[in-house]
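I opened the notebook to record what I looked up in this structure, entry by entry. The entries follow below the display.

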Amino acid sequence: MPQRAVIAIPLSKLTSAWRALHHAETQLLCLASPEETTLRSPALRLRLASDPDPVNNSLGTQLAAHAGDAPAERALLVAATEDLHRQEDDDFERE
């Protein structure tokens with residue numbers, strides 16, 4: 001007979017784990033090569049452009065304006081990613 005099990009994880013620990021994962025992702029973006037930054041940028045610009053939040057829309061516009069300028073593009077990519085992660089984490093925490 002098959003046995004079933006349930007793993008219970010407190011949501012506070014899950015939220016903390018997501019925040020740690022998002023922080024690690026941001027740190028990796030800081031170390032990314034200019035080529036990788038250039039490859040990641042268009043997808044993030046599309047995500048920001050379709051976001052109804054005007055702040056995110058503005059970040060997408062700024063990111064597009066600095067395409068090809070590796071240091072500025074990386075800084076904006078990191079800032080936008082941090083902001084999106086913070087919004088996601090805060091939304092999850094509220095739920």
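I sorted the lining of the largest pocket by class and found five nonpolar, two polar and three charged residues, where Ala, Val, Leu, Ile, Met, Phe, Trp, Tyr, Cys and Pro count as nonpolar, Asp, Glu, Lys and Arg as charged, and the others, Gly among them, as polar. I noted that this is a predicted model, in which local features need pLDDT of at least 70 and side-chain atom pairs pLDDT 80 or more, while totals for chains, interfaces and linings use all residues. Residues are numbered from 1 along each chain as its sequence is written, and side-chain values use heavy atoms, without hydrogens and water.

I then listed the lining residues, among them Glu25, Arg40, Arg47, Thr81 and His85; a pocket here is an open set of points on a 1 Å grid over the protein atoms alone, where a 1.4 Å probe fits, with protein on both sides within 12 Å along at least five of seven lines, and lining residues have an atom within 4 Å of a point. Helix H1 (11-31), helix H2 (34-49) and helix H4 (70-94) each supply at least two of the lining residues, helices being DSSP runs (H or I) of at least four residues.

Next I looked up threonine 26, which lies in helix H1 and counts as buried because its relative accessibility is 3%, buried meaning under 20% relative accessible area with a 1.4 Å probe and protein chains only. Leaving out residues up to four places away in sequence, I found threonine 26 touching Val78, Thr81, Glu82 and His85, with contact meaning heavy atoms within 4.5 Å.

Definitions and conventions:
Buried < 20%, exposed > 50% of the residue type's maximum accessible area, 1.4 Å probe, protein only.
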